[in-house]
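Good morning, colleagues. Please have the sequence and the coordinates open as I speak.

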Amino acid sequence: MALEIIRIPVLSDNYVWLVHEPESKETMVVDPAVADPVLAEAQSRGWTITQIWNTHWHPDHTGGNAAIKAATGCKITGPEAEKERIPTLDVMVKEGDAVRLGSVTAAVLDVPAHTAGHIAFHVGDEQAIFVGDTLFAMGCGRLFEGTAAQMYDNMQKLGQLPGETMVYCAHEYTQANGEYALVAEPDNLALKERMDAVLIARAKGEATIPTTIALEAATNPFMRANSAEQLAERREAKDNF
Ligand code: ZN
Ligand code: FE
């Protein structure tokens, strides 16, 4: 991999992704909930942050924007459809647009539902995608500003990416998601095996992210929902689980 991707755990369960492209020496942050730990991590590696990419407007994804920009002069790219709610944005993007980090290009995908303008950044050459709060390990984002039908379309769209694509989501929700997933699909052996490994990892305090598209296709009850109606039923059941 040309990119170096560092996981920074912040707040109770957020992951901020610090991404370095060694050729250009550009460094980018995905969804900085806060600024200080991100600036400290970059500094400890001798990296200067040149960009922020936001997937959606929620404060636990944009809260560090202003302070990181003030400290570094970085350029902030995020969803066009949420520009009013992210006043620090410099560059507004939507599906079909490309975003560059040095020699690497990401395609912007629209994945509305958790928020109305939620986007994802797919770095196809690196087999990586930054999905914010749309796809989680064995879960999906809550439907705050969209519908189950939109989230179903998102799951189909993401599920068509190559199976080896690494999925960088923004929260460590894996164990709680897996507990519900086992209720939704009690006979799924791949899911049972995955949960055994997750419980061991979490007991040791280890992160379970990134995941992969293939692993989600095998174990995620939202990606595996066979209709928007089934996704809606599962989302409601998980909300009340
Ligand atoms: Zn969110
Ligand atoms: Fe979030």
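Let me begin with a definition: a disulfide is a pair of cysteine sulfur atoms within 2.5 Å. By this rule the model contains 0 disulfides. Cys169 takes part in none, and its nearest cysteine sulfur, that of Cys140, is 12 Å away. Cys169 counts as buried because its relative accessibility is 1%; buried means under 20% relative accessible area, exposed over 50%, and partly exposed in between, with a 1.4 Å probe and protein chains only. Cys74 also counts as buried, at 3% relative accessibility.

Two remarks on conventions are in order. This is a predicted model, in which local features need pLDDT of at least 70 and side-chain atom pairs count only at pLDDT 80 or more, while totals for chains, interfaces and linings use all residues. Residues are numbered from 1 along each chain as its sequence is written, chains are lettered from A and ligands numbered from 1 in the order in which they are written, and side-chain values use heavy atoms, with hydrogens and water left out.

I turn now to the metals. Which residues are the protein donors of the zinc ion (ligand 1)? They are His56 through NE2, His58 through ND1, His114 through NE2 and Asp133 through OD, at 2.2 to 2.3 Å from the zinc ion. Donors here are N, O and S atoms within 2.8 Å of the metal (3.2 Å for Na, K and Ca); water is not among the atoms, so sites may look incomplete. Along the sequence, the zinc donors follow the spacing H-x1-H-x55-H-x18-D.

Why is the zinc arrangement called irregular? The 4 donor atoms subtend angles of 88 to 171° around the zinc ion, and therefore the arrangement is irregular. The rule is that four donors count as tetrahedral if all angles lie between 85 and 135 degrees; four count as square planar and six as octahedral if opposite donors are over 155 degrees apart and all others between 65 and 115; anything else is irregular. For reference, ideal angles at a metal are 109.5 degrees for four tetrahedral donors, and 90 or 180 degrees for six octahedral ones.

Asp133 bridges the zinc ion and the iron ion (ligand 2), which lie 3.2 Å apart. Helices (H or I, at least four residues) and strands (E, at least two) are DSSP runs, numbered from the N terminus. His58 and His114 are both buried.

The iron ion has as its protein donors Asp60 (OD), His61 (NE2), Asp133 (OD) and His171 (NE2), lying 2.0 to 2.3 Å from it. Its 4 donor atoms subtend angles of 84 to 167°, which makes this arrangement irregular. The sequence spacing of the iron donors is D-H-x71-D-x37-H. Asp60, in helix H2, and Asp133, in the loop between strand S10 (128-132) and strand S11 (135-136), link distant parts of the chain, 73 residues apart. Both of these aspartates are buried.

An open sheet of 6 strands runs in the order S7-S8-S9-S10-S13-S14, with mixed pairing. Its edge strands, S7 (98-101) and S14 (211-212), each pair on one side only; two strands pair if DSSP finds at least two bridges between them. Strand S13 (residues 166-169) and S14 run antiparallel and are joined by 2 bridges, with Val167 opposite Thr211.

Finally, the backbone. Ile209 and Pro210 are joined by a cis peptide bond, with omega about 10°, and Pro210 lies in the loop between helix H6 (189-203) and S14. Asp31 has a positive phi, near 50°, and is buried, with a relative accessible area of 2%. Met138 likewise has a positive phi, near 65°, and counts as buried at 0% relative accessibility.
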